[in-house]
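Reader: Can you walk me through a few spots in this model?

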Amino acid sequence: MEPFDPPFQEFYKKLFDDHFFNGPCPGGHEIEFSHNAKECKFELPLIDLSHLNIGGFKHEDCKREIAKAAQEWGFFQVVNHGVSHDILEKLMSEQVKVFKKPFQVKVNGLPELNFPAGSYQWGTPSANCLQQLAWSESFHVPLIELSTVGACAATDFSKIVKQYAMIISKLANELAEILAEMLGQKSDFFKENCVPSMCYIRMSRYPACPFSPEVFGLMPHTDSDFLTILHQDHIGGLQVLKDGKWISVNPKQKTLIVIVGDLFEAWSNGVFKSVEHRVIANKQFERFSTAYFLCPSFETMIESSEKSLIYKRFSFREFRQQVQDDVKRYGRKIGLSRFIL
């Protein structure tokens, strides 16, 4: 264990003891590590966003591809997305430096970066059993806080993360507007409701885990936002549930992964799918990723204009509170099924 690693074994000793002596907890997520997941022939849809700038048939075809991928997969990859390879490499390099700081330094805050209090998280405080433990650490930074990150000194990290956030937030809104347009809905909904105080970036590190596959890097879940845009390194480990099978997402350089969240599924009345995904912990190698989450204000009402509704009308505040209550009570998120009519 490196000095910058969180003390997973010490802090969660009871979970480890219970698991290895008594077995998985009743009602917990049973781990289904499909050894054939890597050999699966499925590939996530890959969409070239440069076609959006061409006009004509290619422009319209690209929008239809985006909508089809969101409907059939809930996951897709994009290239020519506007974020240069240089920015992605610099972001990853600076992110690694931050996570390699001593554990106690990360817990106590990073004054040179001016990260907001409580931005550093690790493990899963609500875990009731080992299968609910996330073998990972992360920094959560709302977009509105990025104006103060590194304010004391314009660090390389602060420069690159601000640059990345500006481009990626624009991309997320553009993709959301395209999906809204394909539904025949107001495309300015997201600009009006997804405010910088709610949208955020999560930078994650998944340390090498000697207990894999008994422990997840991140347990199976759906995202609670409208859209997530993910950049990951070359290590791999991300899997998506498709037709009842876990499919490994092949990490491709220069691509970004777009994930449909719960709010978009409800807002689209089930047209676009929010699907389960997870991260498999790696026994030998650490993994890094950066995710941007497109979230609305707490007051935003999530409702479809369709006549035959699947989900009842709810505010993002109600949804978030229900998720937090379920995680506290059951150790895991239940999600949209709570809001089915």
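This is a predicted model: local features need pLDDT of at least 70, side-chain atom pairs count only at pLDDT 80 or more; totals for chains, interfaces and linings use all residues.

Reader: Ok, at what angle do α3 and α6 pack?

Author: About 85°, with the axes of helix α3 (residues 56-72) and helix α6 (residues 156-183) 9 Å apart. That makes α3 roughly perpendicular to α6, a label for angles of 65 to 115 degrees. The axes are lines fitted to C-alpha atoms over the stretch in contact, and angles run from 0 to 180 degrees between N-to-C directions.

Reader: Which residues in α3 meet α6?

Author: Lys 63, Arg 64, Ile 66, Ala 67 and Ala 70. On the α6 side are Leu 175, Ile 178, Leu 179, Glu 181 and Met 182. Contact means heavy atoms within 4.5 Å. By class, this contact has seven nonpolar, three charged and no polar residues.

Reader: Switching topic. Is Ser 138 buried or exposed?

Author: Ser 138 is buried, because its relative accessible area is 9% and the cut-off for buried is under 20% (1.4 Å probe, protein chains only). Ser 138 is in strand β4, residues 137-142.

Reader: Which side chain has a polar contact with Ser 138?

Author: The side chain of His 140, at 3.1 Å. A polar contact here is a pair of N or O atoms within 3.5 Å, one able to donate a hydrogen and the other to accept it; residues adjacent in sequence count only if both atoms are side-chain atoms.

Reader: And where is His 221?

Author: His 221 lies in strand β6, residues 216-221. His 221 is buried, with a relative accessible area of 18%, and its side chain has a polar contact of 3.3 Å with that of Asp 223.

Terms used: Residues are numbered from 1 along each chain as its sequence is written. Side-chain values use heavy atoms; hydrogens and water are left out. Helices (H or I, at least four residues) and strands (E, at least two) are DSSP runs, numbered from the N terminus. Buried means under 20% relative accessible area, exposed over 50%, partly exposed in between (1.4 Å probe, protein chains only). Angles under 35 degrees count as roughly parallel, over 145 as roughly antiparallel, 65 to 115 as roughly perpendicular and the rest as oblique. Ala, Val, Leu, Ile, Met, Phe, Trp, Tyr, Cys and Pro count as nonpolar, Asp, Glu, Lys and Arg as charged, and the others, Gly among them, as polar.
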